[in-house]
Amino acid sequence: MLSAVFALIPAFLLLLSSPAFAADAGAGAQVFSANCAACHAGGGNVINPAKTLAQKDLEANGKDTADAIITQVTNGYNAMPAFGGRLSPSDIENVAAYVLDQAAKGW
């Protein structure tokens with residue numbers, strides 16, 4: 001019995017080291033469409049055209065990582081409202097994955 005428990009330890013440790021879920025750009029597309037597209041249709045920015053979601057602008061504004069986008073979407077900044085109270089953490093992670101995926105593809 002004890003050997004069976006020890007045999008399961010590596011699998012258990014693997015589960016602990018894996019994220020609970022992986023970001024899903026496909027699901028992020030739906031969240032983006034419902035919550036972000038009004039201001040960011042096609043990766044643009046109707047409020048501040050210098051801060052689009054194009055790869056070059058994400059890089060120039062320090063928003064070219066999932067963590068940076070997650071922070072921006074969660075907390076908002078300047079004219080962008082915070083979505084942390086409206087979207088779940090997984091929805092926000094999915095939006096970040098979608099934005100990065102679309103930016104890499106050139107929107």
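Biologist: Is Asn94 buried or exposed in this structure, and what is that label based on?

Modeller: The label rests on relative accessibility, and a residue counts as buried when that value is under 20%. In this predicted model, Asn94 has a relative accessibility of 9%, and therefore it counts as buried.

Biologist: Where does Asn94 lie, and which residues does Asn94 touch once residues up to four places away in sequence are not counted?

Modeller: Asn94 lies in helix H6. With residues up to four places away in sequence left out, Asn94 touches Ala22, Ala23 and Asp24, together with Ala25, Ala27 and Gly28.

Biologist: How should I read the way H2 and H6 cross, and at what angle do their axes do so?

Modeller: Angles of 65 to 115 degrees count as roughly perpendicular. Here the axes of helix H2, residues 25-35, and helix H6, residues 89-105, come within 7 Å and cross at roughly 100°, which makes H2 roughly perpendicular to H6. By class, the contact between them has nine nonpolar, two polar and two charged residues.

Biologist: How many residues has H6, and what span is expected for it at 1.5 Å a residue?

Modeller: The span from the first C-alpha to the last can be set against the value expected for the helix. H6 has 17 residues and reaches 24 Å, which is close to the expected 24 Å. Just after H6, Gly106 takes a positive phi of about 80°.

Biologist: How many helices and strands does the whole protein have, and what percentage of its residues is buried?

Modeller: The protein has six helices and zero strands, and the pattern along the sequence reads α-α-α-α-α-α. Of its 107 residues, 25% are buried. Among contacts between residues at least 6 apart in sequence, 53% join residues at least 24 apart. The accessible surface comes to about 6700 Å², and 62% of that belongs to carbon and sulfur atoms.

Terms used:
Residues numbered from 1 in each chain as written. Predicted model: local features only at pLDDT ≥ 70, side-chain atom pairs only at ≥ 80, totals over all residues. Heavy atoms only, no water. Helix = DSSP H or I, 4+ residues; strand = E, 2+ residues; numbered from the N terminus. Buried < 20%, exposed > 50% of the residue type's maximum accessible area, 1.4 Å probe, protein only. Contact = heavy atoms within 4.5 Å. Areas by Shrake-Rupley, 256 points an atom, 1.4 Å probe, with all protein chains shown as cover. Axes fitted to C-alpha atoms, helices over the stretch in contact; angles between N-to-C directions. Parallel < 35°, antiparallel > 145°, perpendicular 65-115°, else oblique. Nonpolar A, V, L, I, M, F, W, Y, C, P; charged D, E, K, R; others polar. Expected span 1.5 Å × (residues − 1).
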